[in-house]
Amino acid sequence: MGLFSWLKSTPPPQPVTAPQPVPTWERPDPRAKNNFILITLDSCRYDSFMAAAPKVITKLTGGEVEKRVTYASWTAPSHYNLLMGLVPHSSPEHVFASEYYKQDFLNYDRRLEAEGIAFAKLIPSLWIPTFLRRVMGYTTHARVSLPVLNSRTPINVDFDSFQLMEKHNDMAAMLDTLKFSDDRPAFYLLNVGETHYPYALPHEDPSTWPRISGVHGVFKNLDAEVVEGRLISADNAPKFLHHERLDELRERQVNAVRYLDTVFEKLYDMVPKNTWVLVTADHGELFGEAGYFGHGTIHHPLVYEVPFLEGKLR
Ligand SMILES: [Zn+2]
């Protein structure tokens, strides 16, 4: 018997698992009534929102605004968490986190006006856009202002459309892109940038934006950075800021909320009946408290305190 004769009599070994085709899926018939719009006012901390006393935004709840706690101190993890279905929490005492998650998820029955949404349906993806699109029959869309959420990042999963807006601070431009249909409900994530540093309104001349020593030159080109989809460098963070300057910056954030109240008026006029709107922030902002400015690498209660309100207009 030759050395290799066994090759002739033994079939070649088969791979244990052959590559499988990617499973195809069909969008089911709609299983809920409500459109669902999830709006994050980027960096808008709770007390800035309250100081602005917005009349229109709060029509959702008849004026009531909750102070909630966000799970993360900066844009990316906070939005990933939101899209896992976990909105800012109320920090309840004597409750296990797992129990809170389950209870919180039941709120989607009301938000979507659907019967008996089972938490199990969110598994294994743990991703609201996937759940809404593939289980509930929604169309799913994102309009974002901050480049860390651009469409080439892993957050863009199971969206029918995903757009990083041309300007980082123009919620009104987002409204022109919203489409609603009678055939099936829509989900929109709107990440709004007017409340993000430098708290600039869309028609404000960039040459008049506040210039913080050390940041100048980075934020001067914020829109160019947004358009090109590059991330903003924080290498030149300000070393020291005067109190008056910080008060002025905080006032600019408050003013941005006042301005947004007029944009929400347009939004609330255009959304169809059966639309659930949830308004919150991805994280707060520090304006000099404990020597901090901004958000992200800050561990301070104010960076986690965000406004939270939700409801149906009609
Ligand atoms: Zn943010």
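Biologist: What makes E1 and E5 partners, and how many bridges join strand E1 to strand E5?
Modeller: Strand E1 (residues 35-41) and strand E5 (residues 186-192) run parallel and are joined by 6 bridges. Helices (H or I, at least four residues) and strands (E, at least two) are DSSP runs, numbered from the N terminus. Two strands pair if DSSP finds at least two bridges between them, so 6 bridges make E1 and E5 a pair. For instance, Ile37 stands opposite Tyr188 in E5, and Leu38 has Leu189 as its bridge partner there.

Biologist: Before we go on, what kind of model is this?
Modeller: It is a predicted model: local features need pLDDT of at least 70 and side-chain atom pairs count only at pLDDT 80 or more, while totals for chains, interfaces and linings use all residues. Residues are numbered from 1 along each chain as its sequence is written.

Biologist: Which strand joins E5 through 5 bridges?
Modeller: That is strand E3 (residues 139-144), which runs parallel to E5. Arg143 stands opposite Leu190 in E5.

Biologist: Why are E2 and E4 said to stand at the edges?
Modeller: The open sheet has 7 strands in the order E2-E9-E6-E1-E5-E3-E4, with mixed pairing. Strand E2 (66-69) and strand E4 (161-164) each have a single partner strand, so one side of each is left without a neighbour in the sheet.

Biologist: Why is E5 described as largely enclosed by the rest of the structure?
Modeller: A residue is buried if 20 or more other C-beta atoms lie within 10 Å of its own, exposed if 12 or fewer, and partly exposed in between, with C-beta atoms placed from the backbone. In E5, 7 of the 7 residues are buried, so the strand is largely enclosed. Ala186, Tyr188, Leu190 and Val192 point one way, while Phe187, Leu189 and Asn191 point the other way. In a regular strand the side chains alternate between the two faces of the sheet.

Biologist: How do you know that the buried residues of H3 are on the same side?
Modeller: In helix H3 (residues 75-83), the buried residues are Thr75, Ser78, His79, Leu82 and Leu83. They cover an arc of only 130° around the axis (taken from the directions from the helix axis to the C-beta atoms), which puts them on the same side of H3. These residues pack against E1, helix H5 (128-135) and E5.

Biologist: What makes a set of residues a nonpolar core?
Modeller: It is a set of buried Ala, Val, Leu, Ile, Met, Phe, Trp, Tyr and Cys residues joined through C-beta atoms within 7 Å. The largest one here has 65 residues, and among those with the most contacts inside it are Ile37, Leu41 and Leu190. Helix H8 (residues 243-270) gives the most to this core, with 8 residues.

Technical notes:
Two residues are in contact if their C-beta atoms, placed from the backbone, lie within 7 Å.
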